[in-house]
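Work through the exercises below with the model open. Try each task before reading its solution.

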Amino acid sequence: MSESMLDDADEIVPPEMRDCVERLARAVATLSRHIARGGDAEALDAETGGLNPTGESSRALDLVADATFRHALDGGSVRYLVSEEAEGADEINPAGKLAVAMDPLDGSSNIGVNGPIGAIFSIFPAEATAEASFLRPGREMTGAGYALFGAQCLLVLSFGRGVRKFALDPDSGRFRPAARPLVIAQEAYEYAINAANDRHWDRSVRSWVKDCLAGRDGPRGRDFNTRWVGAIVADTHRILTRGGIYLYPADTRQSCRNGRLRYLYECAPVAFLVEQAGGVATDGKERLLDRTPRTLHERAPLIFGSARTVERVRSYYRFPDSEHVALFGTRGLFRSVP
Ligand SMILES: O=P(O)(O)OC[C@H]1O[C@](O)(COP(=O)(O)O)[C@@H](O)[C@@H]1O
Ligand SMILES: [Mg+2]
Ligand SMILES: [Mg+2]
C-alpha cells in the first residue's frame, strides 16, 4: 500500500477496512483539489442532461465525483459499490470483502453558489450477492463516514467505536485527526427543516414546528434558532459539532411519501454516525438503523440529532397535538422532557 492518507490510521481504522478507507480518503483529497481549482463554479454545476436513478438531473461535478471514487476503489478491498449516480450495484472486485454504498456528491444544489458540499458512504461486509450485501438492516454496517468540502476539507469516520474527525492539510496532502472524538450535546435548541414544505407535512411535524416558532410565548417556553444548509452532510456536521436536530419527514408530495433522502447512502450512514456520537436517529417511529431497505435507492424519513431533542419530536408522533401540549407543554405533566 502507498503512504497512508491519514495520520494515526493504525489506531483508528480497523485493519479489514484500512485499504477501503485509504482509497476513499485519496479520492476525497483529489476531489477537494478539483473543486478548489475548478475556477468557474458554473462549469462544475453544468447540467449533464442525464437523470440519476431517483430522477434528479446530474451536474458535471456529480459525475466527476462518481468517477473519482470508482477509480480510487478499483482493484481494492471493495467487492460491491452502490452509487447515487448509478441504477444498480456494480461488482468492482470479485475478491473484495466489503460493500460500499455512497452519495459521491451531496448537496448538488450548492455547487453553483460555492456552498458546502460533501460525499457520504456506508460500509458493509460483502455477502454472496449485492442484494444480500445492501438490502439488510442499517445496523449491520461496520463503518460510515462523510467528506465535507467547506472552509476546510474534512473527513469524519466511525467504525463503531465513536466518531473521529480529520482535516486535510493542504501542504502535506494528509488528513490530520482532531484530538477529541465528536460527541453530540444531549439537548439543543437549533433545528433544521425545509420550511417551504410546511403545507405537505403531517400533523405531528407541523405542531412541533409551530411550538418551536412560538418561542418563549408558546408551550415550549423558550426561543429556538433555525439553520438549513441544503446538504445533509453539512447539516449533519453542524449537529455533530454543536448539537441540534434535523428533520426531513415523509410528506404528501408524490416523491416524498417515504421521505426525501435515500436510505442506504444518506439516512443510514448519518444514523450510524449520529448514534456513535451519542445522538438519536429515527424515522419518527422506529430506530433508523433497524429499517431494512427493499431497493437500493429507497427513500426514508429522517429525524436525528441531540437525544433529548429527538425524543421530544417522537412524543409529538405518539400523542395527538392537544394531548401533547397537556403532557409536555411548559405547564404539562412531563415538563422535564426537553
Ligand atoms: O432542498 P431539498 O430539495 O428540500 O432537499 C435537501 C436535501 O437533498 C439533498 O441535497 C440530496 O442530496 P444530493 O445533492 O446528493 O441529491 C440532501 O443533502 C439535502 O438535505
Ligand atoms: Mg445527497
Ligand atoms: Mg448526490
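**Exercise 1.** Where in the chain is the place of Leu296?

*Solution.* The model is predicted: local features need pLDDT of at least 70, side-chain atom pairs count only at pLDDT 80 or more, and totals for chains, interfaces and linings use all residues. Residues are numbered from 1 along each chain as its sequence is written, and chains are lettered from A and ligands numbered from 1 in the order in which they are written. Leu296 sits in the loop between strand E15 (280-282) and strand E16 (299-300). Strands (E, at least two residues) and helices (H or I, at least four) are DSSP runs, numbered from the N terminus.

**Exercise 2.** Decide whether Leu296 is buried or exposed, then list its contacts.

*Solution.* Count first. Leu296 has 22 other C-beta atoms within 10 Å, so it is buried. The cut-offs are 20 or more for buried, 12 or fewer for exposed, and partly exposed in between, with C-beta atoms placed from the backbone. Next, set aside neighbours within four places in sequence: Leu296 is in contact with Val82, Ala89, Phe134 and Leu264. Contact means C-beta atoms, placed from the backbone, within 7 Å.

**Exercise 3.** Describe how domain 1 touches domain 2.

*Solution.* Start with the bounds, from an automatic or database domain assignment: domain 1 is 9-177 and domain 2 is 190-328. Their C-alpha centres lie 24 Å apart. The contact takes 35 residues from domain 1 and 29 residues from domain 2. On the domain 1 side, strands E5 (98-106), E6 (117-125), E7 (143-149) and E8 (153-158) each supply at least two residues. E6 gives the most, with five residues.

Methods:
Contact = placed C-beta atoms within 7 Å.
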